Structure formats: structure tokens, C-alpha cells
Amino acid sequence: MRSPAYARGGKSERAREGEKMNSFKWDFKPKKIVGELSAEKLEELLFDYLASLYQNGQICRDFELIKTDGSGGYAACAILPEDDALDEKYADEAVRKSSKKIGACFDVSVSCLGENMDYDDVCRCEKPSAYVLYTIGRRESPVMCLRCGNSVPLYKIPISNDSDRAEDCRRYQVLWWQESYRATDTLWLNSLSDRFTSRQLSDPASQLSRLGLEICEGIEKKTGVQTFYYLHYDGGSSGKKFPNACPKCGGAWKKIESERFDYVCENCRLAANDPDNTVWSKEKGEKDSRERKRNEELIARALENAEREQKAREE
């Protein structure tokens with residue numbers, strides 16, 4: 001078993017301790033006019049609506065649809081990248097069509113449940129200088145700001161699911177790549193198909209890397225912003241030192257100032273981390289160990305206090 005995916009490459013303390021994305025709840029009450037529609041059809045409309053929002057980047061992957069007991073209505077929960085993510089200005093054609101059907105068939109209300117502690121905030125930079133396609137241990141948008149290390153909502157990037165040009169990059173293709181990368185990374189973490197998964201993650205010529213580089217090229221073409229592809233390097237478990245040269249062109253890596261990344265190759269549009277500089281560094285490991293020990297002591301005290309209170313009640 002290898003080191004957890006969320007720990008590899010994650011350098012930003014600010015990102016972990018800063019703001020989070022908010023979770024929202026929808027309540028859907030069927031209108032009387034749709035009384036003859038079957039529950040199966042109503043649920044299909046709702047799933048189509050949520051899926052269209054996800055494929056446009058307006059909600060995160062872990063959405064849920066719930067049938068409300070006894071009321072005949074439905075509820076849905078999802079994480080929004082930003083509180084205004086549902087604004088019509090961000091919608092694509094699929095979202096607009098689905099939203100019209102939902103508005104015609106349901107009375108809808110939306111409320112904020114609060115911060116979701118499992119999702120970091122999005123990039124707040126006024127104008128990102130560069131992007132990185134990166135998704136290790138993350139379920140937010142895989143397009144990240146190179147400077148601050150936080151995700152950039154896909155609806156903020158001028159690529160579209162509505163394009164009729166075959167060569168254009170689409171938002172759902174970015175999300176499909178993300179699902180493929182996460183599945184490959186999970187297999188690698190569990191030491192399954194090592195040769196295949198390791199090559200897919202660390203070789204710039206692998207199918208997964210080529211697809212990612214095509215997406216980067218498509219984003220850069222539309223935005224004019226340099227877009228790099230994160231190339232995984234597992235030196236920590238193998239004992240290998242981080243290579244001085246880019247594995248694609250052989251040129252020297254460029255050291256950068258970033259909250260999450262160490263190096264880029266501007267020629268090949270690759271980004272990488274030296275494992276010795278990331279979360280498994282000695283200094284960070286010692287700090288985490290002290291914090292973990294302190295937390296364990298506090299929990300032990302709380303358990304002892306709970307036992308004393310239980311004994312007092314029994315007496």
C-alpha cells in the first residue's frame with residue numbers, strides 16, 4: 001500500500017485551512033399539472049438536471065437525489081464551486097433545456113446547508129497566470145491555478161459543451177479525463193497493475209497523459225493562458241531522486257513559486273513535484289506527528305471524562 005493520494009503533491013496549508021465550498025439543498029415539489037407523470041419519469045428529469053449541471057462544472061461530482069418520505073417530493077444535495085454557480089450566465093444548452101423542464105414540472109427551492117469540510121475553496125486570483133491539469137486526491141475541478149494551487153471552476157473557462165467543432169475541448173471531456181485519472185491512481189495506490197498504472201501516471205507518452213495534454217492545449221487555445229499537465233513522479237517509495245531534466249524533451253526543469261507545484265517545463269507544458277519538497281518532508285512530518293499526538297491526548301481526556309460522567313449517573 002502506497003502513501004495516500006491526497007498527501008502526494010499537496011503543499012498548501014492555506015488551501016487546507018482556508019475557506020471551503022458550500023453544500024446546497026434543493027427541494028423539488030411536483031406541480032399538480034404533472035400528476036399523471038410516473039415517479040420514474042420525474043426522477044429521470046431530476047437526474048438529467050443534476051447530471052447536466054455536473055457535466056458543465058456547476059456542481060461537484062458527489063451529488064445525491066433523495067425521495068422525501070410521505071410528501072411525494074424530492075430533495076437533492078450537492079456541493080457548488082461558488083455560491084452563484086447556478087446563475088444562468090454559466091449555463092450551457094443542456095443545462096438551460098433541463099432547467100426549463102424542471103421549472104415546468106416542479107416548484108423548486110434552494111438553500112445553503114453550510115461549508116463542506118471536504119472541499120477546498122476555488123481560486124480567487126484576479127487573473128491566473130497559468131493553469132495546471134491536476135486531480136490527485138481531489139474531486140473539485142481538475143483545472144488549477146498554478147500560483148495559488150486552488151481549483152478553477154470549469155464554467156469560468158471558455159470551453160463549451162455546445163461547440164460543434166470536433167477539435168474543440170469540452171467541459172465534460174475534462175471531467176471524463178478526471179474520472180479516468182482517479183481510477184488509475186486508485187489502482188496504483190493499491191499496488192494493482194503496477195507497470196500499467198505507473199506508466200499511465202508518469203509517462204508523458206501514455207494514453208492518459210496524451211489525453212490530458214490535448215485538454216491542456218485546448219484550454220490554452222481558448223484562454224491564452226499557459227496550461228500545464230501534472231506529471232506524477234513517485235520517488236518517495238522507490239528511493240529515486242527527482243530527475244533534473246524533463247522526461248519529454250530532456251531540458252532542465254524551471255523552478256517556480258507556487259503553493260502546490262515545484263517545477264514546470266514551459267516547452268512541453270509539464271508540471272511536476274519533487275517528493276522531497278512536499279508533504280512527506282521531515283519538517284512537515286514532525287509537525288504532523290506532534291499535532292496528531294496532541295489531538296489523541298485531547299480525545300483520551302474527553303473519553304475519560306465521559307466515563308466518569310457515566311459512572312456518576314449509574315451511582
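Visitor: What are the ground rules here?
Guide: The model is predicted, so local features need pLDDT of at least 70, side-chain atom pairs count only at pLDDT 80 or more, and totals for chains, interfaces and linings use all residues. Residues are numbered from 1 along each chain as its sequence is written, and side-chain values use heavy atoms, with hydrogens and water left out.

Visitor: How is a cavity read?
Guide: Rolling a probe the size of a water molecule over the atoms shows where empty space is left. A cavity is a set of points, on a 1 Å grid over the protein atoms alone, where a 1.4 Å probe fits but cannot get out. Grid points are joined across faces, edges and corners, and the volume is the space filled by probe spheres set on the points.

Visitor: How many cavities of 30 Å³ or more are there?
Guide: The count is one. The largest cavity holds about 120 Å³. It is lined by 17 residues, and those closest to its centre are Gly57, Ile59, Cys60, Glu140 and Ser141. A lining residue has an atom within 4 Å of a point.

Visitor: Which classes make up the lining of the largest cavity?
Guide: There are 10 nonpolar, four polar and three charged residues. Here Ala, Val, Leu, Ile, Met, Phe, Trp, Tyr, Cys and Pro count as nonpolar; Asp, Glu, Lys and Arg count as charged; the others, Gly among them, count as polar.

Visitor: What about salt bridges?
Guide: Side chains of opposite charge can pair when their charged atoms come close. The rule asks for a side-chain nitrogen of Lys or Arg within 4 Å of a carboxyl oxygen of Asp or Glu. By this rule the structure has 13 salt bridges.

Visitor: Which residue forms a salt bridge with Lys25?
Guide: Asp27 does, with the closest N and O atoms 3.6 Å apart. Lys25 is partly exposed, at 28% relative accessibility. Asp27 is partly exposed too, at 28%. The scale runs from buried (under 20% relative accessible area) to exposed (over 50%), with partly exposed in between (1.4 Å probe, protein chains only).

Visitor: Which parts of the chain does the pair of Arg96 and Asp162 tie together?
Guide: These two side chains meet in a salt bridge at 3.9 Å, N to O. Arg96 lies in helix α3 (residues 93–105) and Asp162 in the loop between β6 (143–145) and α4 (171–189), so the pair ties together parts 66 residues apart in sequence. Helices (H or I, at least four residues) and strands (E, at least two) are DSSP runs, numbered from the N terminus. Arg96 is partly exposed at 30%, and Asp162 is partly exposed at 39%.

Visitor: Which residues are linked in a network of salt bridges?
Guide: Glu82, Asp121, Arg124 and Lys156. Elsewhere, Asp203 and Arg199 meet in a salt bridge at 3.3 Å, N to O. Asp203 is partly exposed at 24%, as is Arg199 at 40%.

Visitor: How are aromatic pairs described?
Guide: A pair of aromatic rings is described by the distance of the centres and the angle of the planes. Rings of Phe, Tyr and Trp (its six-membered ring) pair if their centres lie within 6.5 Å; planes under 30 degrees apart count as stacked, over 60 as edge-to-face and the rest as tilted. The whole structure has 10 such pairs.

Visitor: Where does the charged end of Arg61 sit?
Guide: Over the ring of Tyr54, 5.4 Å from its centre. The test is NZ of Lys or CZ of Arg within 6 Å of the ring centre and within 35 degrees of the ring normal. Lys255 lies over the face of Tyr263, at 5.1 Å from the ring centre.

How values were computed. 1 Å grid on protein atoms, 1.4 Å probe; cavity = no way out; pocket = protein on both sides within 12 Å on 5 of 7 lines; lining within 4 Å.
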